Amino acid sequence: MISVVKVGGSAGINYDLVCDDIAAVVKAGQKVVLIHGGSHETNVISEKLGKPPRILTSPQGFTSRYTDAETLDIFAMVYAGKMNTRIVERLLKRGVNALGLSGLDGRLLEGPRKATVRAVENGRQVLIHDDYTGKVEKVNTGLLHLLLDAGYTPVISPPACSTAGEAINVDGDRAAAMIASALGAKQLIILSNVPGLLRQFPDESTLIPHIRYSELEQALSFAEGRMKKKVLGASEAIATGVEQVIFADARTSQPIQAAMSGKGTVISR
Ligand code: ADP
């Protein structure tokens with residue numbers, strides 16, 4: 001069985017605890033594919049480099065990072081560079097045969113680049129043409145199986161690969177959903193700095209323990225900001241055959257085993 005785990009990139013995530021748990025799960029004989037984020041660190045480094053992040057909001061209310069060529073360089077330096085390297089290092093120290101790669105490597109994560117991006121700024125719709133973003137539609141599962149069968153634990157980060165071979169920024173949660181369904185995984189675990197989907201963010205006592213696929217549309221109304229994309233990713237995963245998506249807390253010990261036992265928000269048909 002293959003477990004697909006996505007760990008976010010927001011402030012407060014404890015990567016040591018996540019990697020401890022991956023090591024435990026791998027030692028128990030599970031194959032794990034890890035996808036990670038890097039949004040907080042990208043914001044910090046972007047500020048330091050004098051290129052503060054610009055967040056776009058779509059007419060539907062979904063947010064994304066404006067990614068021109070210069071931002072993509074910073075994005076790749078942080079995601080495929082610093083974040084990926086340090087996660088691989090943590091896993092190696094724990095005896096896991098981790099192998100880092102971005103979605104660009106071997107066209108691991110592929111999809112069309114958006115020709116234009118529609119955004120709402122100051123109440124007006126604008127069209128953006130120089131955004132290097134897109135959506136993963138194809139996963140190179142052959143490459144993943146090759147690595148897994150050879151005993152490696154793949155550690156995957158955006159950017160992905162456009163159809164034309166360009167590096168593009170893609171949403172990590174939705175990419176993880178595509179990986180889980182392409183590998184035929186039963187479960188997708190999405191770890192973040194919240195215990196799950198909260199009915200009244202940020203009140204953690206309002207955690208929603210279970211959501212049915214048919215209720216996801218309604219659940220979208222509780223989600224603010226980047227949480228909306230997670231709900232969308234969950235919906236895409238279930239629609240393409242994943243049985244369970246679990247939103248769980250990456251700040252606690254044994255976050256993956258806790259999620260596997262149903263702690264967090266469990267989404268299923
Ligand atoms: P990551 O980078 O870890 O993948 P994101 O920052 O993209 O995570 O998304 C998680 C964030 O979504 C939380 O830190 C929280 O600020 C925000 N959020 C918005 N609405 C909700 C909600 N209803 N329940 C939980 N979190 C929410």
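How far is a backbone N or O atom of G9 from an oxygen atom of the ligand? In this predicted model, the answer is 3.0 Å.

On its own, the ligand has 570 Å² of accessible area, and the protein covers 90% of that. A set of 19 residues surrounds the ligand, with S10, N193, L198, R226 and K230 as the closest.

Now for the nonpolar packing. The largest core counts 42 residues, and I179, L188 and V245 have the most contacts inside it. Among the elements giving two or more residues to this core are strand 1 (2-7), strand 2 (31-36), helix 5 (172-182), strand 13 (187-192) and strand 15 (244-249). Helix 5 supplies the largest share, 6 residues. Looking at I179 itself, and skipping residues up to four places away in sequence, you'll find it touching V4, V33, I35, L109, V139, L144 and I156. There is also a second, separate core, this one of 28 residues, including M83, I87, V88 and L91.

A quick word on cysteines. The structure holds 0 disulfides. C19 is buried, at 1% relative accessible area, and C161 also counts as buried, because its 4% relative accessibility is under the 20% cut-off.

Conventions
Residues numbered from 1 in each chain as written. Predicted model: local features only at pLDDT ≥ 70, side-chain atom pairs only at ≥ 80, totals over all residues. Heavy atoms only, no water. Disulfide = S-S within 2.5 Å. Buried < 20%, exposed > 50% of the residue type's maximum accessible area, 1.4 Å probe, protein only. Core = buried A, V, L, I, M, F, W, Y, C linked by side-chain atoms within 4.5 Å. Helix = DSSP H or I, 4+ residues; strand = E, 2+ residues; numbered from the N terminus. Contact = heavy atoms within 4.5 Å. Near = heavy atom within 4 Å. Polar contact = N/O pair within 3.5 Å; in protein donor to acceptor, adjacent residues only side chain to side chain. Areas by Shrake-Rupley, 256 points an atom, 1.4 Å probe, with all protein chains shown as cover.
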